[in-house]
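Visitor: I would like to learn how to read a structure such as this one, feature by feature. Please show it to me, and then I will ask.

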Amino acid sequence: MKLDERCFRRLEKFANKNDDWKEWRMHLLAILGDCEPGFRGFLKGKCERKEEPIDVVDLTPDQEKLSAILQARLISFTTKQAFAIVESTQGNGCGVWCLLSQRYDPMTDARFASLVINVVGYKIAKNADVQAGMVQWEALVLTLSQDHKEKLSPNVLRALLLGILPAAVQARVYEHLDRLTTYEKVR
């Protein structure tokens, strides 16, 4: 029972960016799944989304050994803030996973609130490419839907889409709004 260091060689260092967490997490979980599928399941099921970090006394002897090895492996694959989190846990890889998930996971309440504010407050600049701006905004809406399971109604999407448009384009759309009854037509 071991988390072989050779398996971790394909893992890149975590760059301490919230946007990179999801991808880095999936790579790490895939490696753990190759080495110890049961431990991977334990980390996903019991350690993520947990308010309090798991203490070593909460683990079985096998999980305790794997947790210590995981913490040692994560030291090599984290920098800056994430490294400080890993270093502070003193052999508790499960605790590290809880803390890293709380800090970087896009599904936390703080990230949800920030994403909603970005979706609602998004504005395409006056001289910007409207199509490119709409694609960026729709990416935010898609993230909200996928990561937080928050589905906006078509009417709300249509209203928000109108709100992000530059004033000149917005005025033109308002002139024809009686015919543009769906989000797709406004788009």
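Visitor: Is Phe42 buried or exposed?

Guide: Keep in mind that this is a predicted model. Phe42 has a relative accessibility of 14%, so it counts as buried, the limit for that label being under 20%. Phe39 is buried too, with a relative accessible area of 3%.

Visitor: How are the rings of Phe39 and Phe42 arranged?

Guide: Look at the centres and then at the planes. The two rings make a stacked aromatic pair, with 6.4 Å from centre to centre and 20° between the planes. Planes under 30 degrees apart count as stacked.

Visitor: How many aromatic pairs does the structure hold?

Guide: There are eight aromatic pairs. One of them is Trp21 with Trp97: the ring centres are 5.4 Å apart and the planes meet at 40°, so this pair is tilted. It links distant parts of the chain, with Trp21 in helix H1 (residues 18-35) and Trp97 in helix H5 (residues 93-104), 76 residues apart. Both Trp21 and Trp97 are buried.

Visitor: Where is Arg25, and what is it in contact with?

Guide: Arg25 is found in helix H1. Its relative accessible area is 13%, so this arginine is buried. Setting aside neighbours within four places in sequence, its contacts are Lys44, Glu48 and Trp97.

Visitor: Which residues of helix H4 are buried?

Guide: In H4 (residues 80-88), Ala82, Ile85 and Val86 are buried. To see how they are placed, look down the helix axis. The buried residues of H4 fall within an arc of 95°, so they line one face of the helix. Among the elements that cover these buried residues are helix H3 (61-76) and H5.

Visitor: What should I note about the backbone of Lys80?

Guide: Lys80 has a positive phi of about 50°, although it is not a glycine. This residue is in helix H4. Lys80 is exposed, at 69% relative accessible area. Just after H4, Gln90 also takes a positive phi, of about 50°.

Visitor: How many salt bridges are there?

Guide: The general idea is that side chains of opposite charge can pair when their charged atoms come close. In this model the count is four salt bridges. In one of them, Asp34 meets Arg10 at 2.8 Å, N to O. Asp34 lies in helix H1 and Arg10 in the segment before H1, so the bridge ties together parts 24 residues apart in sequence. Both Asp34 and Arg10 are exposed.

Visitor: Where do Arg187 and Glu138 lie?

Guide: These two form a salt bridge, with the closest N and O atoms 2.5 Å apart. Arg187 is in the segment after helix H10 (183-186) and Glu138 in helix H7 (residues 130-148), so the pair links distant parts of the chain, 49 residues apart. Arg187 is partly exposed, at 39% relative accessibility.

Visitor: How many residues apart are Glu175 and Arg172?

Guide: They are three residues apart in helix H9 (residues 167-175), separated by about one helical turn. Glu175 is exposed, with a relative accessible area of 52%, and Arg172 is exposed at 53%.

Visitor: How many disulfides does the model have?

Guide: The count is zero. Take Cys7: the closest cysteine sulfur to its own is that of Cys35, at 3.5 Å, which is too far for a bond. A disulfide needs sulfur atoms within 2.5 Å. Cys7 is partly exposed, with a relative accessible area of 22%, whereas Cys98 is buried at 1%.

Terms used
Residues are numbered from 1 along each chain as its sequence is written. This is a predicted model: local features need pLDDT of at least 70, side-chain atom pairs count only at pLDDT 80 or more; totals for chains, interfaces and linings use all residues. Side-chain values use heavy atoms; hydrogens and water are left out. Rings of Phe, Tyr and Trp (its six-membered ring) pair if their centres lie within 6.5 Å; planes under 30 degrees apart count as stacked, over 60 as edge-to-face and the rest as tilted. Helices (H or I, at least four residues) and strands (E, at least two) are DSSP runs, numbered from the N terminus. Buried means under 20% relative accessible area, exposed over 50%, partly exposed in between (1.4 Å probe, protein chains only). The arc is that of the directions from the helix axis to the C-beta atoms. Contact means heavy atoms within 4.5 Å. A salt bridge is a side-chain nitrogen of Lys or Arg within 4 Å of a carboxyl oxygen of Asp or Glu.
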